[in-house]
Amino acid sequence: MVGCDGEINTHTLVYNIWVSNFSGRTVDLNRLSEAVAEIERTGRGAMLALRGRRQVGKSRLVEEFCERSGRASVRFAAARRQEPNAALADFAETARSSDVPNAAAGEDRFSSWSQALESVTADADAPIVVVLDEFPWLIEMDESIEGLIQRSWDRVLSRRPVLLLLIGSDLVMMEALTTHDRPLFDRARPMHVAPLDPAAISDIVGLDAAGTFEAYAITGGFPNVALRWQLGESDVSFLTRELQDPLSALVVSGERSINAEFPDDAFARPVLNAIGYGEREFKSIAQRSGVGGSSLERALDQLLAKQVIVRERAYSTAASKVTAYRVADPYLRFWLRYIGRNLTMIERGAGPRVVDRVLADWTHWQGLAVEPTVREAVMRRVIRDDAVPEAAEVGRWWKRDNSVEVDIVIGDRAPVAHAINAIGSIKWHHTAPFDFAEASALHHARSVVPGTHPGTVTIAASKTPVETTGIDLVYRPADLLGADELGYDSP
């Protein structure tokens, strides 16, 4: 698109490039293609349970796969709190308007999901794709659906050339679908659709490696947020624009995700807000959220079960009860700290004031925001290079009074190591180098962390140059971006 000033609209350009390449989704597309190839080879059906966080692009992935493969498909999305009969009627309408031959021909509605699935696949003589999106919502409205699909699969569908895709954003429920005590065990194969990795985000935002990690800390690898980034744009420019638009994906996606996960909960939301603000320990979370005692424990358990937060324990060779909590997803971490508590101001047109608040804090917070992603990237790099002996687990270690904190601790096993074979420091200064004082602090930590030994490797992961000696491994952002090709789950 060319604007009135004759310049190319970079947002449209980035979007078109990403869509044409579908950057970062090659592994996911290949898994779906392999499932169809298996159907063609064996003549038998295949069922996949796709799980991933809301807004991560699961439905878009399946849509892209169907378009690229040319496979006929019925793609149905459930609505929350819909009546079961209404859902079946909607499925029939979706099937009739699909490109699957004779799907639901003459059917106004179905009496059961068994009948529905068997009817739309009855004339399949080549692989077709049947999608049940928002599958957890179907289970909410009709708990018998798992058993009905299992019976239909065993009796009919598994003998037909059909790829049945069950899609859901409730991670816990979707993981449970394939466990041994559920009807679809050993029938539906799990598939996790993760956010885009930092390397894919780099293709979208067009920044250097350091800028990419900072963009990842804002977007979390969510395509709908990242695709608003104009090519080569700074994080400050992006935030200045997006925070003034009440309808931008950066603003609205977090609220939609939280409302979907916790529509009626009185305690989980304030506890999540406290953790998102930056509180990590039980006592400080209680103070900021106003939720304490058993109510706080239940809220934390619920947030952990939903995989919205993670619980960290100081990692070393000594079992530790020192515990901290953080929001699992980078985008949601950013949203809770900066957008959620300013949402009313943004909606009332006071976006510029919110921008000032965010930018006053963002430079300071940036280092903490990128830390989990950088730590994971370091671990992937040392594994790829075999740079640390027996690197099996990575975490961090800190004293209860926070007088000593170590950003990277790599050991030989989890949850308690037998030996700590590497420790490291993550520094995200804008101009100051990683210097002698920071190297000295890291060497001091090596004498404090339980399980270190004379051969423990020291690591510096720094945005700026490392101007000191005595560090075994030095990683700059460019060394860590795209550290491997094995896929990347959001830390």
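Predicted model: local features only at pLDDT ≥ 70, side-chain atom pairs only at ≥ 80, totals over all residues.
Residues are numbered from 1 along each chain as its sequence is written, and side-chain values use heavy atoms, with hydrogens and water left out.

**Exercise 1. Classify the ring pairs that Phe91 makes with Phe76 and with Phe110.**

Start with the rule: rings of Phe, Tyr and Trp (its six-membered ring) pair if their centres lie within 6.5 Å; planes under 30 degrees apart are stacked, over 60 edge-to-face, and the rest tilted. The structure holds 10 such aromatic pairs.

Step 1. The centres of Phe76 and Phe91 are 5.6 Å apart and their planes stand at 80 degrees, so this pair is edge-to-face. Phe76 belongs to strand β2 (residues 73-77) and Phe91 to helix α4 (residues 84-96), so the pair ties together parts that are 15 residues apart in sequence. Helices (H or I, at least four residues) and strands (E, at least two) are DSSP runs, numbered from the N terminus.

Step 2. For Phe91 and Phe110, the centres are 6.3 Å apart and the planes lie at 55 degrees, so the pair is tilted.

Step 3. Now check burial, where buried means under 20% relative accessible area, exposed over 50%, and partly exposed in between (1.4 Å probe, protein chains only). Phe76 has 3% relative accessibility and counts as buried, while Phe91 is buried at 0%. Phe110 is buried too.

Step 4. Put together, Phe76, Phe91, Phe110 and Trp113 form one aromatic cluster.

**Exercise 2. Find the rings that Arg337 sits over.**

Apply the test: NZ of Lys or CZ of Arg must be within 6 Å of the ring centre and within 35 degrees of the ring normal.

Step 1. The charged end of Arg337 is over the ring of Tyr277, 5.1 Å from its centre.

Step 2. Arg337 also lies over the face of Trp365, at 3.6 Å from the ring centre.

**Exercise 3. Describe how helices α10 and α19 cross.**

Step 1. The axes of α10 (residues 209-219) and α19 come within 9 Å and cross at roughly 95 degrees. Axes are lines fitted to C-alpha atoms, for helices over the stretch in contact, with angles from 0 to 180 degrees between N-to-C directions.

Step 2. The two helices are therefore roughly perpendicular, a label for angles of 65 to 115 degrees.

Step 3. Contact means heavy atoms within 4.5 Å. Residues making this contact include Phe213 and Ala217 of α10 and Trp362 and Ala369 of α19.

Note on methods:
Parallel < 35°, antiparallel > 145°, perpendicular 65-115°, else oblique.
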